Amino acid sequence: MSSAVDGANPVRRGIGRALVADRMGLAGLVLVVAFLMMALLAPWIAPYDPIALDVKARFQPPSAQHWAGTDHLGRDLLSRIIWGARLALGIAMTSIGIAGAIGLILGLIAGHGPRWLDGILVLIFDSMSSLPMIFFALAVITVLGPGTATLIFVIVLVSFPAYARLIRTQTLALTQADYILAERAMGAGSARIILIHLLPNVIGPLVILICMDIPVVIMLEAGLSYLNLGVKPPSPSWGNILSEGYNALRQAPHVVLVAGVPLVLATLGFTFLGEGLRDVLDPRGAGRRWG
Amino acid sequence: MTAIISVENLSISYRVPGGNLRALRDVSLSVARGEVLGIMGESGCGKSTLAAAMINLLPTGARISAGAVRLAGTDMLRLSPEDQRRLRGRSVAMVFQDPMTAFNPVLTIGRQLADFAGAHDPARAAPAALAAMLGRVGIPDPQRCLDRYPHELSGGMRQRVAIAAALLMQPDVLIADEPTTALDVTMEAQIIHLLRDLRSSFDGAIVIVTHHLGVIAELCDRVAVMYAGQVVEEGPVDSLFHDPRHPYTRALLACDPAVVDPASGRLPAIGGRIPDLTALPEGCAFAPRCGMAQPACASPVPRHHPGPGRSVLCHGAGP
Amino acid sequence: MKTVLDLRDVSVDLPLGGFLSRARLPILLDVSLGIAAGESVALVGESGSGKTTLARAVMGLQPISRGTMSLDDQPLSTAADFTRMRRQAAMMFQDATASLSPRLTVGYLITEPFRIHGQPLADPETTARDLLAMVGLPPAIAGRYPHELSGGQARRIGVARALALKPRLLIADEPTAGLDVSVQAEVLNLLSDLRRDMGLAYLIITHNLALVRHVADRVVVLYLGRVVEQGPTAQVFAKPAHPYTASLIAAEPKPDPRQRRADLAIRGEVPSVLRRPSGCEFHARCPLARDLCRRVAPALASTGPGRMARCHFAVTTQQEQGEEHAVEN
């Protein structure tokens, strides 16, 4: 009862249960949790040191000792994949998290603040998103040099405008909603309106979009690392593993295969989870899916 | 008078979490050519489900557990989907509460009316024929109206165009679901007059579904009062309004602010809530709110016929 | 009696919105209105008459372009004025469900006025229960979300929230819109009980004349943003001075099949505010219109004690009104 009175609970009850009831969402949730566990527990579950060399054992196919085989330097691929999950998810979640937070704050300010500020912010969002992403990323990396920090910086810069614009559009639509007018008529200040009444109602679509964007970033990281523009080589990034595997595609095809599988599964996991969340969180989406 | 459309012992339910929602229970009604029937009730009484069944547009999930809707003898609910579609519109047309939702916003009125009319007979889609119909529903300068878009018309004008669209299909039955609820009082009066004028020129039956007692009184020949999925009272509008037999009808007529003397200060209200449609009692569904309830009300309710054309579903209404 | 709300010559206009255009569209024109403590005033008009705009202007949600407003002799013009007045005045919106923030519980929403105005709220639970009891709802409803409420319940929550801080003035925009007849009666009775118990002043905005007859002491009729008639409710309904008021009353459907009207009380539609008619703005729809009406705009003039009308030919009504008064007294 007291929770009912005090509860400014931004999320409606039973989202977890509804998500589990949605088969695709459940599959996504299982995959995402599995990858998260893999990333968190990497030091304990990886059978070998991911960068320890064993030149005698190079290009071994999967065996009882090395479940996923070894690469051109004899490193255990399973361990590299497990540590790679930590790197991939770490970069993706950090950068998208920062971009999401920036987008949320700027979007709320643009949508609820004074018109002139909105004009300036929209100009910034538009000019940012009009830059061709890959060339912009290449240019920044050329200037700052490749590395994890550069990668995160680039991803934040290219992804926050989309989030900010989503939040701004939602906020603008809600600013004229009856309940926001009613709050203003009761004397609520801007801080209360934004934090208690706008935020919980605009954040759902952002969570969904972020979920769907994480695999894009994982792919981008893999792609840039593959081009030697991302994470520097000894680190076990999935992109690095792929890139090295391609050099020996004829000799040892298993390298590319075992590095590709987690990439595909992680992408599917986050996409399914995002789709599942959309069906659960967005009441307007109810019935949009067929069957 | 022979009925042009008749609903026979119709029961419809929806499956909902936690049970079976019984939207209609053993409803029987009929309307003759040239007659205007009013279906009156509060939200949740089943009047919208009844209207949807009469035009065969029941939502998915609706289960017809018994009964039929006969249009000139054919049971509409058991036709093939192809035959249903052919029948709908030509024989039964509907006018909705918010006419804006019935129109496509990016096509002109003329284009949309032509689609309605031309679906069955291309000759009726000629601009002159369309303009004549718009003139008949009281639209000034009908020729220009054909070139307009739905958003350029006021609510009252859109409702007139919606009525014109329905009439272009030359239906046998015209169903109007809350046709004046979204309109101002002066527009409401004009639409009531239009519908009343149409009765004489339109060779079919009109069914008005509304919660507004004034609209029923102004427009209808007969009225059916619904409560919790049943027709609890039916009869000619004059005798029913002046001699209501069912306690619910009486309460409903008594608490309309338009009839209560302002000097009395307080308005009579009906205490309690409508019953849970997933757990209806075996006896009278109104009994918990009824001031005249007796122990007998817990047993199944008989239907009495207190006068010509009248029927009442109440234990207390017997001879 | 003491005046609570006082509006003098309030005008509102909106930018027409062309690129670099300075043109403005008048929505309200020189509306003057006073509401005394404990008095209930109804603002009546069709859609487009500007009645909702006036309510929003009073609450500071819509800037006014001319005129003065005051609440309890305190001027209402700056943002600080409105912040202060929002403790003494409350507004109920037309769509009761949509005016409740969707992700919050009823218990939170109903106690929010205390949080907004930094009022002591020692025991939110008891406060919520008391407020729910005041509007006749069970305490268990505190745990519900707005989408789980029926129309009547949402309306009651709106009343409870509006009255939480015991305001002096309540503005109610279509307080019975979308409610069933039986629930309508309950909400109207609740409003009149609270007025009696708390000495509230009401500004009720509606196009439902049956409602006006029951809850309003005085009625103000708006047409295209101008006051065309005002006066005590019973007198205005008995003898409307303006032909527009007369046609509104006649247009109302009577719930009695023996009183069917033979012909239309009023033809045509409310003209667009973009194309205001010349002279008297009602002339195109008026059964009494003469040449004078097409050329000269009438002024709002007294037609009897406490009564005003904006019509060249309202004078005749005044004489009848006077005679009737003589008889009554």
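I started with the chain pairs: two are in contact, and chains B and C share the most contacts of the two. For contact I took two residues whose C-beta atoms, placed from the backbone, lie within 7 Å. This is a predicted model, where local features need pLDDT of at least 70, side-chain atom pairs count only at pLDDT 80 or more, and totals for chains, interfaces and linings use all residues. Residues are numbered from 1 along each chain as its sequence is written, with chains lettered from A and ligands numbered from 1 in the order in which they are written.

**B against C**

I found 35 residues of chain B in contact with 32 residues of chain C. On the chain B side, α7 (185-201), α8 (213-219), α9 (237-242) and α10 (247-254) each give at least two residues. The largest share, seven residues, is from α7(B). Sorted by class, that side of chain B has 19 nonpolar, nine polar and seven charged residues. My classes: Ala, Val, Leu, Ile, Met, Phe, Trp, Tyr, Cys and Pro are nonpolar, Asp, Glu, Lys and Arg are charged, and the others, Gly among them, are polar. Helices (H or I, at least four residues) and strands (E, at least two) are DSSP runs, numbered from the N terminus.

**A against C, and A against B**

The contact of chain A with chain C takes 24 residues from chain A and 29 residues from chain C. In chain A, α1 (2-6), α9 (178-186) and α10 give two or more residues each, and α9(A) has the largest share with eight. That side of chain A splits into 13 nonpolar, five polar and six charged residues.

**Chain A by itself**

I counted 12 helices and zero strands in chain A. Of its 291 residues, 40% are buried, meaning 20 or more other C-beta atoms lie within 10 Å of the residue's own, with C-beta atoms placed from the backbone (exposed is 12 or fewer, partly exposed in between). After α10(A) comes A:Asn228, with a positive phi near 60 degrees.

I traced an open sheet of eight strands with mixed pairing, in the order β6-β7-β8-β3-β9-β10-β12-β11 (chain B). Its edge strands, β6 (92-95) and β11 (303-304) of chain B, each pair on one side only; pairing takes at least two DSSP bridges between two strands. β3 (residues 36-40) and β9 (residues 222-227) of chain B run parallel over four bridges, and B:Met40 stands opposite B:Val225 in β9(B).

Last, α1 (residues 47-54) of chain B: six of its eight residues are buried, among them B:Lys47 and B:Met54. B:Asn56 follows α1(B), its phi positive and near 60 degrees.
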